[in-house]
Amino acid sequence: MKKRLRKIIISAIIFLIAVLIEKFNFINLNENILLITQVILYVISYLIVGFEVLKKAVINIVHGEFFDENFLMGIATIGAFAIKEFPEAVAVMLFYQVGEYFQSYAVKKSRKSIASLMDIRPDYANLKVNGNIEKKSPEEVRIGDTIVVKPGEKVPLDGIVTEGNSMLDTSALTGESVPREVNINDNILSGCINLNGVLEIKVEKEFGESTVSKILDLVENATNKKAKTENFITKFSKYYTPIVVFLALIIAFIPPIITKTEMLDWVYRALTFLVVSCPCALVISVPLSFFSGIGSASKKGILVKGSNYLEILSKTEIAVFDKTGTLTKGVFDVQKIANEKDVDKNELLELATYCESYSNHPISLSIQKAYGKEIDKKRIIESKEVAGKGIISKIDNKEVACGNIKLMEILGIKNIKETDEIGTIVYVAIDKKYAGYILISDEIKEDSKKAIQDLKKAGVKKTVMLTGDNKEVAEKVNKELNLDVVYSELLPVDKVNKVEELLKNKKEESKLAFVGDGINDAPVLARADIGIAMGGLGSDAAIEAADIVIMTDEPSKIATAMKISRKTLKIVYQNISFALIVKIGVLILSAFGLASMWLAVFADVGVTVLAVLNSFRVEC
Amino acid sequence: MKKNYILEDLDCANCAVKIEDAVKNIEGVRECSVSFVTEKMIVEIDDEKEEEIKKQIKKIVKKIEPDTTLKEL
């Protein structure tokens, strides 16, 4: 870089001297000597800055590469020398190199700034060996080793906390700024930053398998999966250069023959064409913009696995959601305890908990969770399950029955207050007398409603909910969320069929996204135009199955991802159209002899630099 | 098998495209993708031709972008 800059400066100084000695002619040289001195200075200046270009051009011709930018620049400038446009020749080469310098500076800068967005790679691990701490590279640490993470350090590998407690900054992984607490026996993920306490961690995954490596790998490889627009531009550029060069040849030879005018003027126009024939601005700005988009998404806890997915996301008009675990929390909680007048509410919950305490059915677990106290198993004298109906247990000296309405009917319980509330209802009878019921249901996530609204604002035309739950539950959830269509009582295979049906009935150019939790909906994620998995942090299955992974549990991040994708594509199109308009404009002007080579070289490198700078703007 | 390479000092986006195209044409290469921004090349190759393919990739890179060095990841 430095060497390049020095060459440019020296060459520019010699160029200036050459221009100035003609203007001022201080030493009163006679005209011939002046001209020769000038030409010598121009040639020196040209060679200093352009020798590399000429060398590459020659090498490329030997390899049969004719439409290479070095060759084109070489021909354009040597041509300018040949028609005695000396200052032009040097200036074009000089500006070309200045432009290349800026461009590579800007590219380096943007590579760095995007890399710093993803600066989650840990540099070392403090390995505990016989009570001493040794600094090791994370790759050297093995499963079962114990590592120590001090405040301010990055957690280098996934594992379980064995000592200490602390707050963790997970923002690099999730985009979430609220710190998370960890205690002994909690899982801990690499890539988090330890904020206050000292932690000892038993390593559970090697570095290559740890969360941080997986995420980095995904994001770093994302630009290798190219978007359609990018492929189109590369294809376009393969035709663009030969066509412009061909046009240049026509302009140089045909018009002078037809119009019998001076050939030099036409050659000059043709050389101007060659200067504009390089497709760099186009080819460089597209992948850079996509990379910026992917980088800024990952900063917000959204992993995009390829440029192509970002592009498809921007065209998404149908968003299909799985209900449980995506729009709702997927955790079943006791929502209501409806006790009879003569039964105490706490006693009802306590007896129900004891009754169900030998079961690990999700419903039983949520009742136990609501009770929240230690269970004294000695109080359970007897417990038996009535398959598909419930459980009957003897607690202390009471007979407790917990289950659905069928269980109550079998036992001949009277005066049951049946309810049509939405969720799972556990009826409780104590000593054959109805005591009340417990309502257990899933909860809608706090930001689900906002997520649906934001998606509509971001341009999604149709929102759909799929669920295996019954119609009542689905409708109740939708009353709050307001999706356009709800399909309920679906088996996993029905979900694939529904998505297939939606795919068949939509327009080709509008895309369908499926959002799930990535755990048991892999086939649907794969079938949709784009599969989005929620809660990817710590879930390998979700990261594996989806095209886009939302690291947190927030569905509202999908709208964020969509906004980023739209902005990225907008900038991509801006860059493409800007570059094309300027290039075609200069081509037309120079065909009519209205553009100089100066303007052409400015157009060429200027557009490239502007396009590169513009691609930074994605980071919003 | 899948191989990852770094193309250090890859300075020109057009060259990235040319390298990608040329590597795709090597016999035994099933897939190749070069990312200009991350300077990364990912290739899918037939296992038994690994050494030969690596040599050819090196040659292509030297030919198209003499200032770029190929490093295995």
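Two strands pair if DSSP finds at least two bridges between them. Helices (H or I, at least four residues) and strands (E, at least two) are DSSP runs, numbered from the N terminus. This is a predicted model, in which local features need pLDDT of at least 70, side-chain atom pairs count only at pLDDT 80 or more, and totals for chains, interfaces and linings use all residues. Residues are numbered from 1 along each chain as its sequence is written, while chains are lettered from A and ligands numbered from 1 in the order in which they are written.

**View 1. Strand 13 of chain A pairs with strand 14 of chain A.** The strands cover residues 380-386 and residues 390-395. Their sense is antiparallel, over 6 bridges. A:Ile380 faces A:Ile395 across the pair.

View 2. A:Lys394 stands opposite A:Glu399. Here the hairpin has 2 residues between the strands, and A:Asp396 takes a positive phi near 50 degrees. A residue is buried if 20 or more other C-beta atoms lie within 10 Å of its own, exposed if 12 or fewer, and partly exposed in between, with C-beta atoms placed from the backbone.

**View 3. A:Ala611 sits in helix 21 of chain A.** The helix covers residues 597-615. A:Ala611 counts as buried because 28 C-beta neighbours lie inside 10 Å. Leaving out residues up to four places away in sequence, A:Ala611 touches A:Ala281, A:Ile284, A:Ser285, A:Asn575, A:Phe578 and A:Ala579. Contact requires C-beta atoms, placed from the backbone, within 7 Å. A:Ser289 is 322 residues from A:Ala611 in sequence, yet 9.1 Å away in space, C-alpha to C-alpha.

**View 4. Chain B meets chain A.** The contact takes 12 residues from chain B and 17 residues from chain A. On the chain B side, helix 1 (13-24), strand 2 (29-35) and strand 3 (40-45) each give two or more residues. Helix 1 of chain B supplies the largest share, 3 residues.

Terms used: Two residues are in contact if their C-beta atoms, placed from the backbone, lie within 7 Å.
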